[in-house]
Amino acid sequence: MTPFSAEEETTDQSTTLSDRTVLSNYDIPSRVFFILMENISYGMIVVAFFGMTGNIFIIITYAKMGFSESINISYCALCISDILCVIAFTWNAICFIPAFTDRDLPFIPGEIVVVTGGSVSDIFSKTTAWITAFISLERCLCVVFPLKVKDIVRPRRTVLIVVTIFALTILPLASITFYIYVFNSKFDTKRNRTLIGVRYRKSSLADALYDVNFIYKVVFMNSIPLVIVFVCSLSMAVHLNRSATWRLQQSGSISLETQDSKAMRKYLKDTRVAKTVLAIATCFLVLESVGTLRLLVSTTWQEFRPMGDYNRSFKVISRLAFLFSLTNSSVNFIIYYNMGSKFRNTVKRMLFFNAQQSPKKR
C-alpha cells in the first residue's frame, strides 16, 4: 500500500513529499488551489479562536459545578481533547498561509506540518471521536436502563475509561507516525541555506507499520466510533420518544404531587442530558462524515490521493474535512449553554459575579 492519509496533505511548496505528485488536466488549477487552501485556512483560524475560548470556558464552568456526576467528567475530557484538536488544527492552518510560509523560516512548513500538524490533529480528532462514542453509550445506558446505570457508570470508572481512551488513541498512532516520518536536513538552493524537512522512512518495517496504522485508523478510529454514536443516538431518540408518548398518555392520571416528585425531577434531568448528548452526537456525525467519506473514497480510488492525479482535489477536500472536524471541536459551548439549564445558570452567575466585582475594583 502506498503511503497516503489526511496528514499527508501538503502543498506544492513541499519538495520531499511531493516529488512524486502527478498533475491532472482535470484537477483543480494551481491558482484556484492555492486560493482555496489559503481561505479555508483563514476560516480554520477564526473557528479555532472561538473553539479555544469556548472549551476553556466549559472546563472552568464544570469545575465550578463539580465532578460528582460522571457525565461532567466525560464532558471535561471531551473539552481537553477538543482543545488539543484546536491547537493542532490552528498550527495546521498557519502552515498554509503565505504570510507565514513566505517568511525566512528554518524549516519547510509544507513538510513539517505533515507530522506536527496533520498527524497530530488527526490523532486528537480520533480521541474526540472515541470520547463522543463513550458519552453516547453512557447516556444511552442511562436512558434505556435507568435503574441499573448507577452500578455500571461511576465517576472513578469514567476516569479510568477516559484515560484508557487517550492512551489507546494517542500512543499507537503517535509512535507509528513519528517512526515512519523522519525529520531531515536539506539544502534549499533558492534560499541558499539548509532547512529542516520531513521524509518518509523507506524500509519494509515502515511500510508494514504504515499499513497497520492505516487499517487501525479506518476500522478502529473512524468506523467503530461512528457506528457506536449512530446506534446509541438512534436508541436514545426512540426510547425518549416512547417515554414521552407514554407519559403524555398517563398525564391525566398523574397528580401534581407526583409530577413534582423526586422521580419526576430526575426523569426530566436525565432527559435534558440525553438531548444534550443527542445534539453533540448529531454534530459529530454530520461534521465528521466528510473526513470519513474522503478516507473511504481514497482507499478505492487511487487517483484521489496525495500523490494521485487528483491530488489537489484531495488536499482541498482534506482541508474542508479539517475545518468541519475543527468546527465539531468548537461548538460544544453553544450546545451546553442552550440545552443545559444548570450549565447556563452557572455561566450567568460567573459572568454576573465578575461584572459586579469589576466596578468595586475600580
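Student: Where is the place of Thr177?
Tutor: Thr177 sits in helix α6. Helices here are DSSP runs of H or I with at least four residues, strands are runs of E with at least two, and both are numbered from the N terminus. Before we go on, this is a predicted model, so keep in mind that local features need pLDDT of at least 70, side-chain atom pairs count only at pLDDT 80 or more, and totals for chains, interfaces and linings use all residues. Residues are numbered from 1 along each chain as its sequence is written, and side-chain values use heavy atoms, with hydrogens and water left out.

Student: Is Thr177 buried or exposed?
Tutor: Thr177 counts as buried, at 3% relative accessibility. Buried means under 20% relative accessible area, exposed means over 50%, and partly exposed is in between, using a 1.4 Å probe and protein chains only.

Student: And which residues is Thr177 in contact with, leaving aside neighbours within four places in sequence?
Tutor: Those are Ser119 and Asn213. Contact means heavy atoms within 4.5 Å. Asn213 is 36 residues away from Thr177 along the chain, with 8.2 Å between their C-alpha atoms.

Student: OK, on to helix packing. At what angle do α4 and α6 pack?
Tutor: About 155°, where α4 covers residues 109-144, and the axes are 10 Å apart. Axes are lines fitted to C-alpha atoms, for helices over the stretch in contact, and angles run from 0 to 180 degrees between N-to-C directions. That makes α4 roughly antiparallel to α6. The cut-offs: under 35 degrees is roughly parallel, over 145 roughly antiparallel, 65 to 115 roughly perpendicular, and the rest oblique.

Student: Which residues of α4 and α6 make the contact?
Tutor: From α4, they include Ser119, Phe124, Lys126, Trp130 and Phe134. On the α6 side, Phe166, Thr169, Leu173, Thr177 and Phe178 are among them. By class, that contact has 13 nonpolar, five polar and one charged residues. For the classes, Ala, Val, Leu, Ile, Met, Phe, Trp, Tyr, Cys and Pro count as nonpolar, Asp, Glu, Lys and Arg as charged, and the others, Gly among them, as polar.

Student: How about α2 and α6, what's their packing angle?
Tutor: Helix α2 (residues 70-94) packs on α6 (residues 155-180) at about 20°, with the axes 9 Å apart. That makes α2 roughly parallel to α6.

Student: Which residues of α2 meet α6?
Tutor: Ser70, Ile73, Ser74, Ala77, Ile80, Ser81 and Leu84 do, against Pro155, Thr158, Val159, Val162 and Phe166 of α6. The contact has eight nonpolar, four polar and no charged residues.

Student: How many residues of α2 are buried?
Tutor: 19 of its 25 residues are buried, so α2 is largely enclosed by the rest of the structure.

Student: Switching to α1, how far apart are its end C-alpha atoms?
Tutor: They are 52 Å apart, and that agrees with the 52 Å its 36 residues (30-65) should span at 1.5 Å a residue. The expected span is 1.5 Å times one less than the number of residues. After α1 comes Gly66, with a positive phi near 95°.

Student: At what angle do the axes of α1 and α11 cross?
Tutor: Roughly 45°, and the axes come within 8 Å; α11 is residues 332-339. That makes α1 oblique to α11. Gly54, Phe57, Ile58 and Tyr62 of α1 make the contact with Asn332, Phe333 and Tyr336 of α11.

Student: Last one, the whole chain. How many helices and strands are there?
Tutor: Twelve helices and two strands. Of the 362 residues, 48% count as buried. Among contacts with a separation of 6 or more, 79% come from residues 24 or more positions apart.
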